[in-house]
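Have the structure open while you read.

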Amino acid sequence: MSKAHFGLVGLGVMGENLVLNAERNGFSSVVYNRTYSKTEAFLNGRGASKAISGAVDLQEFVNKLERPRRILMMVKAGSATDAVIQQISPFLEEGDLLIDGGNSLFSDTERRVKELESKSFGYIGMGVSGGSKGALEGPSMMPGGTKASYDAIESLLTKMAAQVEDGPCVTYIGPGGSGHFVKTVHNGIEYGIEQILAEAYDLMKRICGMNCDDIAKVFAFWNSSEELSSYLVEITEICLKTKDPEDGSDLVEKIMDKAGQKGTGLWTVVSALQLGASVPTIYASLNARVMSSMKFQREKGQTILGLTSFSTFDLGSISDGMEPIMDAVVLSTIASYAQGMEALRLASKEYDYNLKMPSIAQIWKGGCIIRSTLLKRIQDAYNLDPQLPNLLIDPWFAEQVVRRLPGLTRVVAAAAQAGIPVPCFTSTLDYINSYRTSRLPQNLVQAMRDCFGSHTYERIDKEGSFHTDWVK
Ligand code: 6PG
């Protein structure tokens with residue numbers, strides 16, 4: 001019997017869909033799952049009549065694969081991934097390649113690449129984005145590791161990936177944990193945009209008194225614009241239009257207002273701050289999830305602290321796409337991408353990832369959760385200036401900032417007066433205002449630090465490091 005081209009460990013929904021994708025693209029496959037009943041159910045169900053076979057144990061799994069073996073692990077990030085590596089390693093031979101397609105912490109991947117490469121195995125840490133549908137039809141993939149390991153799977157990945165006008169949504173990201181780092185930042189941007197769209201919905205509902213169907217119309221309008229056409233805006237419209245089958249009312253209004261997280265948003269913020277990247281819009285989205293989870297305290301807080309009686313504000317009309325709110329959404333979305341790209345730029349320097357910013361924008365244009373037409377502009381901006389320090393000062397983005405800032409300012413002011421939290425809009429406004437202020441009040445912070453701790457300060461009128469005896 002001929003050996004299979006490709007192996008998959010972990011038959012969750014992402015694993016199932018990725019192996020079906022590989023098989024559809026001509027790669028015969030073998031699958032293994034810890035519980036064999038799941039393997040059997042898959043082979044008799046979605047995997048039936050396909051060039052996919054199963055294995056009862058890892059020895060059989062490895063034996064069924066052609067050499068060098070290409071094995072994709074789709075298991076839970078963390079100790080489960082380490083356990084699979086440990087269990088399968090004794091059966092592997094020189095040159096075999098393990099690919100981790102989960103949302104692993106990039107520093108874990110860094111360690112695993114070193115360990116596995118030292119045993120002459122290949123190891124790729126690969127971000128996979130697009131949810132279950134993307135996995136089946138064509139995800140965006142962010143593989144990192146050695147170039148030689150990437151070359152061994154390039155033909156497979158380029159066929160499996162989503163395709164956009166300038167190629168497949170996969171490229172060699174860089175060494176070590178770079179693939180997972182880029183995926184983590186992708187998720188940070190994802191958190192940002194989700195929260196931005198939620199804030200827009202909240203304002204339309206509470207300040208403008210609109211119902212879900214009308215709000216959905218605004219999202220449809222936005223999705224037809226160059227600045228906001230994107231997967232997340234598209235699905236927001238769908239979510240808002242969906243009715244509860246039980247009583248025909250708006251389903252979103254029945255959903256508990258607590259958002260969970262699996263870690264990547266937190267990792268983005270922590271890593272960005274460690275690198276000295278400013279990511280306030282992304283941080284605000286993360287904190288909004290934390291605040292949302294404090295449901296009990298918020299209920300108590302509303303009783304004790306009272307809820308402001310809402311004033312109504314004119315924030316545009318449905319036919320003009322609620323213009324000021326659209327301004328706030330566009331600028332906050334741009335800020336999320338700008339902050340994420342800034343984290344990537346600094347990580348590239350710090351960890352020698354040698355990231356190609358235009359290529360990252362290119363592979364995010366299709367398949368992934370943050371795909372949008374804006375990414376074409378981001379790709380153009382980095383093609384124009386590969387060393388661009390911040391997207392905000394690229395000519396096209398700068399024009400957006402200047403034109404839409406009054407709208408964002410009006411929205412934040414209206415929300416503040418109405419007592420409605422809009423953390424991403426507010427943080428974006430502060431971010432942009434800070435970025436366009438050449439003199440900030442940190443001169444006073446420096447004075448205080450020197451006053452109590454002799455931390456010294458620099459002066460604007462002469463070179464050197466200075467200390468003053470402030471309290472004489
Ligand atoms: C993707 C997504 C996905 C991610 C979820 C969960 O790109 O397909 O980013 O990989 O795991 O969206 O994220 P949270 O549960 O942390 O929101």
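Let's start with a helix pair: α12 passes α18 in a right-handed crossing. Keep in mind that everything here comes from a predicted model. Helix α12 covers residues 280–293 and helix α18 covers residues 423–435, and their axes come within 8 Å, crossing at roughly 160 degrees. Angles over 145 degrees count as roughly antiparallel, so that is how α12 sits relative to α18. On the α12 side, the contact uses Pro280, Thr281, Ala284, Ser285 and Ala288, and these meet Pro423, Cys424, Ser427, Thr428 and Tyr431 of α18. Sort the contact of α12 with α18 by class and you get six nonpolar residues, four polar ones and no charged ones.

| Helix pair | Axes come within | Crossing angle | Source |
|---|---|---|---|
| α12 (280–293) and α18 (423–435) | 8 Å | roughly 160 degrees | axes of α12 and α18 |
| α14 (323–350) and α17 (395–418) | 7 Å | roughly 125 degrees | axes of α14 and α17 |
| α9 (212–223) and α10 (231–241) | 8 Å | roughly 165 degrees | axes of α9 and α10 |

Take α14 and α17, whose axes cross at roughly 125 degrees. That angle makes α14 oblique to α17, and the crossing is left-handed. Helix α14 brings a run of residues to this contact, including Pro324, Ile325, Met326, Asp327 and Ala328, while α17 supplies Phe397, Gln400, Val401 and Arg404, among others. The class count for the contact of α14 with α17 is twelve nonpolar, three polar and three charged.

Now for α9 and α10, with axes that cross at roughly 165 degrees. This makes α9 roughly antiparallel to α10, and α9 passes α10 in a left-handed crossing. From α9, the residues Cys212, Asp213, Ile215, Ala216, Phe219, Ala220, Trp222 and Asn223 take part, and they meet Val233, Glu234, Thr236, Glu237, Leu240 and Lys241 of α10. By class, the contact of α9 with α10 splits into eight nonpolar, two polar and four charged residues.

On to the sheet. In what order do its seven strands run? The order is β3-β2-β1-β4-β5-β6-β7, in an open sheet with mixed pairing. At the edges are β3 (52–54) and β7 (140–145), each of which pairs on one side only. Neighbouring strands are turned by 25 degrees against each other on average, direction ignored. Leu8 has Val31 in β2 as its bridge partner.

Helix α4 (residues 79–88) lies across β1, β4 (70–73), β5 (97–100) and β6 (122–129), running at about 150 degrees to β4. Helix α8 (residues 178–206) lies across β5, β6 and β7, and runs at about 15 degrees to β6.

Finally, step back to the domains. The domain assignment gives domain 1 as 6–176, domain 2 as 183–435 and domain 3 as 440–472. Between domain 1 and domain 2, the C-alpha centres lie 32 Å apart. Their contact takes 27 residues from domain 1 and 24 residues from domain 2.

Definitions and conventions:
Residues numbered from 1 in each chain as written. Predicted model: local features only at pLDDT ≥ 70, side-chain atom pairs only at ≥ 80, totals over all residues. Heavy atoms only, no water. Pairing = 2+ DSSP bridges. Helix = DSSP H or I, 4+ residues; strand = E, 2+ residues; numbered from the N terminus. Axes fitted to C-alpha atoms, helices over the stretch in contact; angles between N-to-C directions. Contact = heavy atoms within 4.5 Å. Parallel < 35°, antiparallel > 145°, perpendicular 65-115°, else oblique. Left-handed = near helix turned anticlockwise from the far one by under 90°. Nonpolar A, V, L, I, M, F, W, Y, C, P; charged D, E, K, R; others polar. Domains from an automatic or database assignment.
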